Amino acid sequence: MSHILRAALAAAAAVSLAACATTATEKPKPETAAAPKPLPRGLEADPGAFASTYKPLPGRPTAIVGGTVLTATGARIEGGMVLIRDGRIEAVGPAAAPPDGYEVVDARGRWVTPGVIDAHSHLGVYPSPSVPAHSDGNEISDPNTAQVWAEHSVWPQDPGFNLARAGGVTTVHILPGSANLFGGRGVTLRNVPARTTQGMKFPAAPYTLKMACGENPKRVYGGKGRSPSTRMGNVAGYRAAWINAADYGRKWDDYRAKVKRGDKADPPKRDLQLDTLLGVLKGEILVQNHCYRADEMAQMIDIADEFGYRITSFHHTIEGYKIADILAQKDICAATWANWWGGKLEQFDGIEANAALVHAAGGCAIIHSDDPDLIQRLNQEAAEALAAGRAAGLSISEAEAIKWITANPAKALGILKETGTLEPGKRADVVLWDKDPFSVYARAERVWIDGAVTYDRTNPAFQAKSDFELGLGGLR
């Protein structure tokens, strides 16, 4: 064989071996994995369930001119002007000639503030008339009822909504009661007449979770011969629930990771109770924590730190003044009263200056109602707290104190970007008062919600009546 032929055969063999080696190590290209089928409806949490259907009432361009304006940003404008257009605040400043086409409201000698916001109400879930058939605010069946939603108990015909509006209240936060460690979800409503709860629901407002510490849960369930019957039982109950919620979240994360990789996976069974608690751990649901004593509030903060969630506000917070610096440092609002004191032992150290002392420490003070009567005069309760603070030597202006019933509750409810102050671009929720709102004689003359007149003390056409009240005559 010639050397030329031998070289050719060698070259061919080399090519053949190389081809065989390539073929042996090549992996077939995987087929594109089919998209996983969506779970049947209801087996995965749906953020659009029970969505708001709220539609603002019709309004018109309005100029409120010449009044003392408290913007709830800390400013006070004498002889000011507030312009409303397309349901929003258009401008706030010194009085000037209103633009053409605006309804002009003469506010000289009067005061103008943002709409009042009640951060803690049970209207609709404990409506009037107060009868057992209407007692729907406390699911007293288990220490943990995080699965219930207050909105599913709200009765929109509650006459209390109209009475609150006459007191300047434009937004209400409805909570379940405080019998349980976890009472359920709260809901934020626009205070407008509506046929359905969804027709009142504040668009895009975050859900809240009602928690309760102290006497209520241990009394209710200890009285039934079950846990919790002590404060340490309360704490053990919170911790066990958060452990379950964190594990539930881990299972859903594992399932979604497998689906993303194209692996076969079975989803966890959906749990309505754990859906709510997991929403808190994700930062989507805001904790509103009923708690009176300072030491217990500190413990609740420790629990929140242990599981990585935050408490948005404590409610009632009778001893908030004792830990005002801690509340300010943690940015936890203190929703309280001025003169509710002594109803039970954990209320024993209540003082009228509580809100003022929290405010003076740099904290977020709120005056709330928890009562169908007090909600009609939250401005007066704020005035009592302000007067007590001044008597204690604190220099707090009306321009700052108005935040206690407007901007600060809006912050605690996660809606401050939309309402709570008189600033351009925000919802036109406005109250015209006949006098200084911190006077016991002050009354709301006119109330706008999203730029529409929803109450006018001088015009019966803007004094809504509940369907329940119609035809009652002298019984009202």
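Q: In strand 8, what is the bridge partner of Ile-174?
A: Val-187 is the bridge partner of Ile-174 there. Keep in mind that this is a predicted model.

Q: How many bridges join strand 7 to strand 8, and do they run parallel or antiparallel?
A: There are 4 bridges between strand 7 and strand 8 (residues 182-190), and the two run antiparallel.

Q: And strand 6, parallel or antiparallel to strand 7?
A: Parallel: strand 6 (residues 116-121) is joined to strand 7 by 4 bridges. Opposite Ile-117 stands Thr-171 of strand 7.

Q: What does the chain cross through from strand 6 to strand 7?
A: Helix 2 (residues 160-166), in a β-α-β crossover that is right-handed.

Q: Is strand 7 mostly covered or mostly open?
A: Mostly covered: of the 6 residues in strand 7 (residues 169-174), 6 are buried.

Q: Different topic. Where is Asp-118 found?
A: Asp-118 is in strand 6. Asp-118 is buried but has no salt bridge.

Q: Which side chain does the side chain of Asp-118 make a polar contact with?
A: Ser-369, at 2.4 Å. A polar atom of the Asp-118 side chain also lies 3.2 Å from the backbone nitrogen of His-120.

Q: Leaving aside neighbours within four places in sequence, what is Asp-118 in contact with?
A: Its contacts include Val-169, Thr-171, Val-172 and His-173, as well as His-368, Ile-375 and Leu-378.

Definitions and conventions: Residues are numbered from 1 along each chain as its sequence is written. This is a predicted model: local features need pLDDT of at least 70, side-chain atom pairs count only at pLDDT 80 or more; totals for chains, interfaces and linings use all residues. Side-chain values use heavy atoms; hydrogens and water are left out. Buried means under 20% relative accessible area, exposed over 50%, partly exposed in between (1.4 Å probe, protein chains only). Two strands pair if DSSP finds at least two bridges between them. A crossover is right-handed if, with the strands pointing away from the viewer, the path from the first strand over the helix to the second runs clockwise. Lys and Arg count as positive and Asp and Glu as negative; His and the chain ends are not counted. A salt bridge is a side-chain nitrogen of Lys or Arg within 4 Å of a carboxyl oxygen of Asp or Glu. A polar contact is a pair of N or O atoms within 3.5 Å; within protein, one must be able to donate a hydrogen and the other to accept it, and residues adjacent in sequence count only if both atoms are side-chain atoms. Contact means heavy atoms within 4.5 Å.
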